[in-house]
Amino acid sequence: MSVCPPFAPFFGFAGVASAMIFSTVGAAIGTAKTGIGIAGLGSFRPEYIMKSLVPVVMSGIIAVYGLVVSVLIAGTLQPGKDYPLAAGFIHLGAGLACGMTGLSAGYAIGYVGDACVRAYVYEQKVFVSMVLILIFAEVLGLYGLIVALIMNSVVMGADMVCPT
C-alpha cells in the first residue's frame, strides 16, 4: 500500500467536517436548551433576560472552536499536492477531538444553563455559581481545541512527504 494513496485526503476532510459539524451541533443544543429556560424566565422576570444570556454566548464560542480547527486543517489540504495517509488520520483525530468535546461541552452548557436560568428566577445568588459551572463546561471544549491544535501542529511540523 502506498504512503500517499489517493483516498488519504478523505480522512483529512472528514476531520474538517467532524470538527465543524459536531461542535456546531453542541452549540445548537446549548443554545436551544438555555433558550427554553430564558423564555420561561422572561415570562416571570423580564428584567433578568440580559443577564441570563451568558450561557447562550458561551455555547456560541463552542462553535467558534470547531470553526478554527476546521480552517486550520483545511489550510493544510492543498489540491494537487501529495497528502500522506498518516496526516489524514491525524487530521481526522484532531477533528473528532474538537468536535466531540464541543458536542459534550454544548450539551453540558445547555442543561446547566437551563437549570440555572430557571433557578435564577427565584434566587439571584445562583448567578455566580452558574457562571462558574459554565466556565468549567466551556473548558471541555477548550481542551478539545488545544488537543486538535497540537495534533495539527504535528502534521505541520513533521516532514511528512510522499516518496516519488
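Visitor: What makes residues 92-151 helical in this model?

Guide: The model is predicted. Over residues 92-151 the chain is 92% helix and 0% strand. The end C-alpha atoms of that span are 10 Å apart. The span comes from UniProt, where an unreviewed entry lists 15-73 and 92-151 under "domain: V-ATPase proteolipid subunit C-like".

Visitor: Which residues does the record list as "transmembrane region"?

Guide: The unreviewed UniProt entry lists 6-32, 53-77, 89-114 and 126-151. In the model, 53-77 is 92% helix and 0% strand, with its end C-alpha atoms 37 Å apart. Residues 89-114 are 100% helix, and their end C-alpha atoms lie 37 Å apart.

Visitor: Why is Asp-114 called buried?

Guide: Its relative accessibility is 10%. Buried means under 20%. Therefore Asp-114 counts as buried. Asp-114 lies in helix α3.

Visitor: How do you know that the side chain of Asp-114 makes a polar contact with the side chain of Arg-118?

Guide: The distance is 2.9 Å. The cut-off for a pair of N or O atoms is 3.5 Å, so this pair falls within it. Leaving out residues up to four places away in sequence, Asp-114 touches Lys-33, Thr-34, Ile-36 and Gly-37.

Visitor: Is Ile-36 buried, partly exposed or exposed, and why?

Guide: Ile-36 has 47% relative accessibility. Buried stops under 20% and exposed begins over 50%. The value falls in between, so Ile-36 counts as partly exposed. Ile-36 lies in helix α1. Beyond four places in sequence, Ile-36 touches Asp-114 and Arg-118.

Visitor: How far apart are Ile-36 and Gly-110 in sequence and in space?

Guide: They are 74 residues apart in sequence. C-alpha to C-alpha, Ile-36 and Gly-110 are 9.6 Å apart in space.

Visitor: What makes Phe-127 count as buried?

Guide: Phe-127 has 17% relative accessibility. The limit is under 20%, so Phe-127 counts as buried. Phe-127 is found in helix α4. Phe-127 and Leu-142 are 15 residues apart in sequence and 22 Å apart in space, C-alpha to C-alpha.

Visitor: What makes a group of residues a nonpolar core, and how many are in the largest one?

Guide: Members are buried nonpolar residues joined through side-chain atoms within 4.5 Å. The largest such core has 34 residues. Those with the most contacts inside it are Leu-41, Ile-62, Val-69, Ile-73, Cys-98, Ile-109 and Met-130. Helices α1 (8-44), α2 (54-76), α3 (85-120) and α4 (126-157) each supply at least two residues of this core. The largest share, nine residues, comes from α3.

Visitor: Which residues does Ile-62 touch?

Guide: Not counting residues up to four places away in sequence, Ile-62 touches Ser-23, Ala-27, Gly-102, Ala-105, Ile-109, Glu-138 and Gly-141.

Visitor: What lines the largest pocket?

Guide: The lining has 15 residues. Thr-76, Leu-77, Gln-78, Asp-82 and Tyr-83 lie nearest the centre of the pocket. Helices α1 and α4 each supply at least two lining residues. The space in the largest pocket is about 340 Å³.

Terms used: Residues numbered from 1 in each chain as written. Predicted model: local features only at pLDDT ≥ 70, side-chain atom pairs only at ≥ 80, totals over all residues. Heavy atoms only, no water. UniProt positions renumbered as here; feature names shortened; annotations may be inferred. Helix = DSSP H or I, 4+ residues; strand = E, 2+ residues; numbered from the N terminus. Buried < 20%, exposed > 50% of the residue type's maximum accessible area, 1.4 Å probe, protein only. Contact = heavy atoms within 4.5 Å. Polar contact = N/O pair within 3.5 Å; in protein donor to acceptor, adjacent residues only side chain to side chain. 1 Å grid on protein atoms, 1.4 Å probe; cavity = no way out; pocket = protein on both sides within 12 Å on 5 of 7 lines; lining within 4 Å. Points joined across faces, edges and corners; volume = space filled by probe spheres on them.
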